[in-house]
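Subject: Structure handover

Hello,

Here is the structure for you to look through. My notes follow below it.

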Amino acid sequence: MNDKENLAATNDTSVEPQIQPSEERVAHSRRRLFRQGASVVAVTLASRPVLAWHCKSPSAWGSEQINPNTSLSTNAGHNSYTDETWTISNWVSNTARNNFGQPWVKLKEKFPLLIDKSTKTNGSFDYKKVTVKKLFATVSGLGRPTGLNDTAMVKDILSMGSDLQKYTIVAQLNYVLLAPLTSPNDLDKCVTLLDLRQMASGSYSPPNMVNVTWGAQDIVDYLYNNWIVRPS
């Protein structure tokens with residue numbers, strides 16, 4: 001079993017093993033060195049920033065995968081953030097992420113049409129009742145991954161769906177709520193919603209990369225390694 005197959009699953013023990021790219025071990029090592037007092041110079045020389053947020057654009061990240069010696073600075077500044085985005089587990093359990101608050105609370109505030117009699121329990125909004133059809137009909141601009149049943153609950157898809165389904169749905173929801181420049185995240189400086197919508201299809205061609213097409217695994221790797229989506 002390779003490193004990518006060992007990515008920790010969500011708290012639901014029935015979830016299939018997720019994917020953990022080998023780069024994660026490198027990132028952990030560098031963060032550990034930073035905590036132990038490694039010099040700023042040593043940290044700067046590392047090929048990956050040690051702080052959590054180090055998102056690169058798809059074309060920049062894709063170019064580095066082809067040629068690891070390429071020096072790219074298209075995302076300067078992203079490594080200064082102390083937090084990233086809501087995780088898949090945050091969306092499954094509607095748990096807060098630092099000052100970001102609870103994701104489903106933020107989503108229904110931005111898209112109040114999510115609230116109707118079909119998504120209420122005892123008169124209050126119940127995110128566990130939001131179906132795939134309801135989500136994609138209400139939250140504008142989302143690309144729908146293939147293989148989703150209209151009547152399936154989004155929470156269940158994020159718990160037990162394929163990695164592509166889980167990662168691309170959460171990536172888009174994170175973008176919808178965190179991308180504006182007034183947010184503490186600036187996710188839109190890294191990737192566009194159009195990029196994420198195309199990734200949801202399972203086939204994506206990064207801009208400015210001729211004859212390069214990512215499949216589902218490549219897309220999940222990009223979202224994971226660039227902290228756009230993490231499992232927990």
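The axes are lines fitted to C-alpha atoms, for helices over the stretch in contact, and the angles run from 0 to 180 degrees between N-to-C directions.

This is a predicted model, where local features need pLDDT of at least 70, side-chain atom pairs count only at pLDDT 80 or more, and totals for chains, interfaces and linings use all residues. Residues are numbered from 1 along each chain as its sequence is written, and side-chain values use heavy atoms, with hydrogens and water left out.

**The chain overall**

The chain has 10 helices and 2 strands. Helices (H or I, at least four residues) and strands (E, at least two) are DSSP runs, numbered from the N terminus. Their order from the N terminus is α-α-α-α-α-β-β-α-α-α-α-α. Of the 232 residues, 47% count as buried. Buried means under 20% relative accessible area, exposed means over 50%, and partly exposed lies in between (1.4 Å probe, protein chains only). Contact means heavy atoms within 4.5 Å. Among contacts between residues at least 6 apart in sequence, 55% join residues at least 24 apart.

**Helix α8**

Start with α8, residues 163-178. This helix has 16 residues and reaches 22 Å from its first C-alpha to its last. That is close to the 22 Å expected at 1.5 Å a residue. The expected span is 1.5 Å times one less than the number of residues. How many of the residues of α8 are buried? The count is 16 of 16.

**α8 with α10**

Two packed helices are described by the angle between their axes and the distance between the axes. The axes of α8 and α10 (residues 216-225) come within 10 Å and cross at roughly 45°. The two helices are therefore oblique to each other. Their crossing is left-handed. A crossing is left-handed if the near helix is turned anticlockwise from the far one by less than a right angle, and right-handed if clockwise. On the α8 side, the contact uses Asp163, Leu164, Tyr167, Thr168 and Ala171. On the α10 side, Ala216, Ile219, Val220, Leu223 and Tyr224 take part. By class, these residues divide into 8 nonpolar, 1 polar and 1 charged. Ala, Val, Leu, Ile, Met, Phe, Trp, Tyr, Cys and Pro count as nonpolar, Asp, Glu, Lys and Arg as charged, and the others, Gly among them, as polar.

**α8 with α5**

Helix α5 (residues 103-110) also packs on α8, at an angle of about 60° and with the axes 10 Å apart. That makes α5 oblique to α8. This crossing is left-handed too. Pro103, Lys106, Leu107 and Lys110 of α5 meet Leu173, Val176 and Leu177 of α8. The contact has 5 nonpolar, no polar and 2 charged residues.

**Single residues to look at**

Tryptophan 86 sits in the loop between α3 (58-66) and α4 (88-93). With a relative accessible area of 1%, tryptophan 86 is buried. Which residues does tryptophan 86 touch, not counting those up to four places away in sequence? Among them are Phe100, Pro103, Lys106, Val170, Asn174 and Leu177. Tryptophan 86 and alanine 171 are 85 residues apart in sequence, yet 8.9 Å apart in space, C-alpha to C-alpha.

Lysine 108 lies in α5. Its relative accessibility is 24%, so lysine 108 counts as partly exposed. Leaving out residues up to four places away in sequence, lysine 108 touches Leu114, Ile115 and Phe125.

Glycine 161 is in the loop between α7 (154-160) and α8. At 9% relative accessibility, glycine 161 counts as buried.

Lastly, backbone angles. Most residues other than glycine have a negative phi. Asparagine 211 has a positive phi of about 60°. It is found in the loop between α9 (193-199) and α10. Is asparagine 211 buried or exposed? At 80% relative accessibility, asparagine 211 counts as exposed. Tryptophan 227 has a positive phi of about 65°. Its place is in the segment after α10. At 8% relative accessibility, tryptophan 227 counts as buried.

Best wishes

Technical notes. Parallel < 35°, antiparallel > 145°, perpendicular 65-115°, else oblique.
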